[in-house]
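Please have a look at the structure before I go on.

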Amino acid sequence: MLLLRSALSTARFRARPTSPKSEEGYALQLALIISVALVIGVAAFASRTGAGLFGAASQTVNREARDTAESAINEFINTFNREENRYLLTAGSSSVWGSDGSINPCTKYDTTGAVVDADGREPSASVSKFVPVGANGPFQDFDAATSTVSRRFKVESISYLDSNKNTYNQNDTQFISNIRRGGNRTLIRIVVISEVAESNGRKSRARVARELEVVPKCCKRSFPQNSIGAKNWGRDTDSCGGIKGGGGNGIISGMNGGVPSGQPAPEILDEFGNIVTQALCWGGDDTTVENYGSDASILDGTPNTACEEDQLKIATNGAPSNSGISFAETLFNYIPPVYNESLNLAVSDGDVSEIQNRYLDLNTINSDFYIYYNPTNIPAETRLTNPLPANNPARIYRDDSGSGPEYSAARPGQVLLCRVFNNGVNNCRPILDSSDTTGHDVCYVVATASGSNLYDEVNCRLGRIWLRNNNSLTIDTSNAKINFFFDQDSTDASFNYVASGNSNPTGNLVIKRVQCALDTPVSTATRCQSPIEWSTTDPPASLSFQSIYDSTTDPQKYIGDLLNFFITGLGNWVVQGTSDSIGFNLYAPAVDVSFNGDTSFMGRIWSDGLDVQGAGSVTIRTLNSNPDFCTGDNCPPPGAPIIDFMARSFTQSQGF
């Protein structure tokens, strides 16, 4: 065009006439210039058009690559949100996806809480396509390739993060436990690389990362109306408590209309190592069961309205690793075992008599005490047979005043109360009712060991245990399951069932639990000094609190079931801190339970109030299953585990 303009301008300045031949020369030049300009224009237009078409084609394949990566992430979400795969959202590492810990416990149950698969469903095979292979790993087909295009992808990485976006540390053994508390949102980040290749040779790759929040939910439910871990995650009309109260039956509060309280919330684990963030509260009797009314539930109070509205909780401010505990309303009946007076034969004359005064008040004696069972299937001479001194025998009765009958030896089948002396014990006597002149034993044998049941079972009736200041009580369950019944209904709310003090019974008695092997000899020179412990191995170590000693029964029998306290009246029970773990089960529906000092407690707590407000550092290890005396409808129903998980969108995806 510039050449054309130049030629025209030159022509305008020619003033003189020209000949026809000269005009023809100019026309030829002009034609050549115009032809060249047209050729250049057409070539430029064609080039631009071709570039546009090429760019459009490139944009299309780039977009397809990104869409492939996004589709792979969406398929990841859909796959991992299936019930059998949801525990992989909290696995901490893809290296453990095939382990037993990756099985979602919710898959064991149906929507009614009935067991349909005892082992639970394993994660589906489709999760294998999402195993991370790194940036240089192989691609896999996203879908079947066609004659014109193939789409492939690979997962570069999957990262597990806490709510503060801290990534998983292989040395942090508490990471998974902290996630599975269920009371805090956690995150999972997936990075996908995709590749789209067309038959014409065009190829494009995209790298897309997305973060998803992993939030707790109810088994067989969506996000619950009530809170999990003292936090609300949704507003569905059905609460988690609708699934047979399936948060585990280790902690129950409000059984007489009381409330739990305290902060920070204690750390609670069950026998499977799972963090417990959901406990139960009593919402009233379950009148739908077939035999309701045939055996009366002893729960006759009024349920707390906060329980009915799913508002009971012990919350924790601060670190996400300690999220809090929520209490889900559950309807159930409670019919505990009872002390059968007709089976309590007198030690001396075999008469049957009701025990009237059952206080074990030893506050005038400056000594630690030791309770031990002398088994029926082992000759007495191989066990504790320490006769009292001929002169001035030290009788262990209510006030140690010396009143009551004398006994020179203990017989098999008795629970013995001994004084602790150095590493051994002495003055071992049966626990007698000092107000009864015939000296009736407060304990009787319920059953003897047989078959898979390795332990005798014995019931003892007491009203209170009161020791001197700074003295402790050790209870040995090496040879028997021991049930203590505090069944005085005349107590009031200020009564302390276990007490310490020289003159005034205050609720801070230290109770220790020991457990030795069945064949461990016990004599006046030695005693069992192995504190019951919570095993951290899988399966649990033998003689640990959560180890099973009889799996033939339903529920199964745990070592932790060998020491139980049943209370029917009002009152208080203070769990006093000690350097050793405290291990027993407390079934006290009208009692307020509180923790004092740094305490490591093992066992079930079924109570009215539960107070950790004045405590130091409290850890609780409890049994998720029902106790072995629960059959039919006399206890809270067992159900599906309360906590499940769901991944949902958190951060918009980003491509680069």
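Let me begin with Arg210 and Glu70, whose side chains meet in a salt bridge in this predicted model, with 2.5 Å from N to O. Arg210 belongs to strand S4, residues 203–218, while Glu70 belongs to helix H2, residues 20–80, so this pair ties together parts that are 140 residues apart in sequence. Arg210 is buried, its relative accessible area being 12%, and Glu70 also counts as buried, with 14% relative accessibility.

The next pair is Glu83 and Arg121, whose side chains form a salt bridge at 3.3 Å from N to O. Both Glu83 and Arg121 sit in the loop between H2 and strand S1 (140–141), and yet the pair links distant parts of the chain, 38 residues apart. Are these two buried or exposed? Glu83 is buried, at a relative accessible area of 14%, whereas Arg121 is partly exposed, at 34%.

Finally, Glu457 makes a salt bridge with Lys481, and here the closest N and O atoms are 3.8 Å apart. Glu457 lies in strand S16, residues 456–461, and Lys481 in strand S19, residues 480–486, so the pair ties together parts that are 24 residues apart in sequence. Glu457 is partly exposed, with a relative accessible area of 23%, but Lys481 counts as buried, at 9% relative accessibility.

Terms used
Residues numbered from 1 in each chain as written. Predicted model: local features only at pLDDT ≥ 70, side-chain atom pairs only at ≥ 80, totals over all residues. Heavy atoms only, no water. Salt bridge = Lys/Arg side-chain N within 4 Å of Asp/Glu carboxyl O. Helix = DSSP H or I, 4+ residues; strand = E, 2+ residues; numbered from the N terminus. Buried < 20%, exposed > 50% of the residue type's maximum accessible area, 1.4 Å probe, protein only.
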